[in-house]
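Here is a short briefing on one protein chain. Look over the sequence and the model, then read on by topic.

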Amino acid sequence: MVRLNRATVVAEALDLLDEVGLNQLSTRALAQRLGIKQPSLYSHFKNKDELMSAMAEAAMAPHARFPLPKPSDDWREWFRGNTQSFRRTLLLRRDGARLHAGSRPAGVGLERTKAKVDFLVGAGLPRHAAEMAMLAASRFTVGSVLEQQADQQAQASPTDGRPSAEMQEIDHDQAFQAGLDLIIQGLASTD
């Protein structure tokens with residue numbers, strides 16, 4: 001039997017998320033998957049919200065490996081790559097955008113966010129504009145992925161009442177890149 005710790009519980013919870021989606025994810029189902037009684041989960045997490053926060057943080061691990069900018073980097077190219085990395089990471093998990101929505105960086109994630117803003121300021125952008133651009137890009141990305149994942153789920157189960165035949169299919173990659181271009185252009189106008 002595998003010894004349970006927080007990391008194991010989170011990894012299993014993320015695998016369960018990929019299988020059943022956020023709507024069907026429950027501590028009861030997770031406990032069953034782990035072969036334990038539901039109250040045993042609370043020795044690792046005080047409640048489901050704490051578990052969900054840990055899941056959101058763990059799901060962002062691939063994005064956390066995206067390199068922090070170097071002073072010599074072109075801010076536009078770095079900003080584009082950073083935002084694209086964030087999007088790719090959200091798309092790795094079923095309901096990745098929904099899991100991430102509402103989470104806030106903490107610890108190392110917060111330090112990385114501050115370093116990114118400081119880089120943009122060092123590149124000549126006003127601090128407020130740099131902070132707002134990071135926030136706007138984050139929220140734009142989450143919203144874009146949320147819509148893309150909703151469309152993917154609707155295509156997988158077309159009986160959800162959404163008119164699929166009458167709707168023009170969206171190229172989510174192209175739409176994302178166009179929106180990101182607009183954010184970068186807007187930020188460039190402030191330097």
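Axes here are lines fitted to C-alpha atoms, for helices over the stretch in contact, and angles run from 0 to 180 degrees between N-to-C directions. With that convention, the axes of α5 and helix α8 (residues 127-156) come within 10 Å and cross at roughly 35 degrees. This is a predicted model, in which local features need pLDDT of at least 70, side-chain atom pairs count only at pLDDT 80 or more, and totals for chains, interfaces and linings use all residues. Residues are numbered from 1 along each chain as its sequence is written, and side-chain values use heavy atoms, with hydrogens and water left out.

**Overall layout**

- The protein chain has nine helices and zero strands; helices (H or I, at least four residues) and strands (E, at least two) are DSSP runs, numbered from the N terminus.
- The C-alpha trace spans about 55 × 45 × 20 Å along its principal axes.
- Of the 191 residues, 37% count as buried; buried means under 20% relative accessible area, exposed over 50%, and partly exposed in between (1.4 Å probe, protein chains only).
- Among contacts with a separation of 6 or more, 72% join residues 24 or more positions apart; contact means heavy atoms within 4.5 Å.

**Helix α5 and its partners**

- The crossing of α5 and α8 is right-handed. A crossing is left-handed if the near helix is turned anticlockwise from the far one by less than a right angle, and right-handed if clockwise.
- On the α5 side, the residues that meet α8 include Trp-78, Phe-79, Phe-86 and Leu-90. Their α8 counterparts include Met-134, Val-142 and Val-145.
- The residues of the contact of α5 with α8 divide into 10 nonpolar, six polar and one charged. Ala, Val, Leu, Ile, Met, Phe, Trp, Tyr, Cys and Pro count as nonpolar, Asp, Glu, Lys and Arg as charged, and the others, Gly among them, as polar.
- α5 also packs with helix α9 (residues 172-188), at an angle of about 145 degrees and with the axes 11 Å apart. This crossing is right-handed.
- The α5–α9 contact includes Trp-75, Phe-79 and Arg-87 of α5, and Phe-176, Leu-180 and Ile-184 of α9.
- The residues of the contact of α5 with α9 divide into eight nonpolar, four polar and five charged.

**Helix α2**

- Thr-27, Leu-30, Ala-31 and Leu-34 are buried in helix α2 (residues 27-34).
- Seen down the axis of α2, these buried residues fall within an arc of 100 degrees, so they line one face of the helix. The arc is that of the directions from the helix axis to the C-beta atoms.
- Arg-28 and Gln-32 are exposed, on the face turned away from the buried side.
- Cover for the buried residues of α2 includes α1 (6-20) and α3 (48-59).
- Thr-27 counts as buried at 10% relative accessibility. Beyond residues up to four places away in sequence, Thr-27 touches Gln-38, Leu-41, Tyr-42, Lys-48 and Leu-51.

**Nonpolar cores**

- The largest nonpolar core has 21 residues, of which Leu-30, Leu-51, Met-55 and Leu-99 touch the most other members. A nonpolar core is a set of buried Ala, Val, Leu, Ile, Met, Phe, Trp, Tyr and Cys residues joined through side-chain atoms within 4.5 Å.
- α1, α2 and α3 each supply at least two residues of this core.
- Leaving aside neighbours within four places in sequence, Leu-51 is in contact with Val-9, Val-10, Ala-13, Thr-27, Leu-30 and Phe-45.
- A second, separate core of 18 residues includes Trp-78, Phe-79, Ile-183 and Ile-184.

- Leu-120 is found in helix α7 (residues 108-122). Leu-120 is buried, with a relative accessible area of 0%.
- Not counting residues up to four places away in sequence, Leu-120 touches Trp-75, Trp-78, Phe-79, Leu-125, Ala-130 and Met-134.
- Leu-120 and Pro-71 are 49 residues apart in sequence and 9.2 Å apart in space, C-alpha to C-alpha.
- Asp-95 is found in the loop between α5 (75-91) and α6 (96-100). Asp-95 counts as buried at 5% relative accessibility.
- Asp-95 has a positive phi of about 60 degrees although it is not a glycine. Most residues other than glycine have a negative phi.
- Leaving aside neighbours within four places in sequence, Asp-95 is in contact with Leu-17, Gly-21, Leu-22, Gln-149 and Gln-153.
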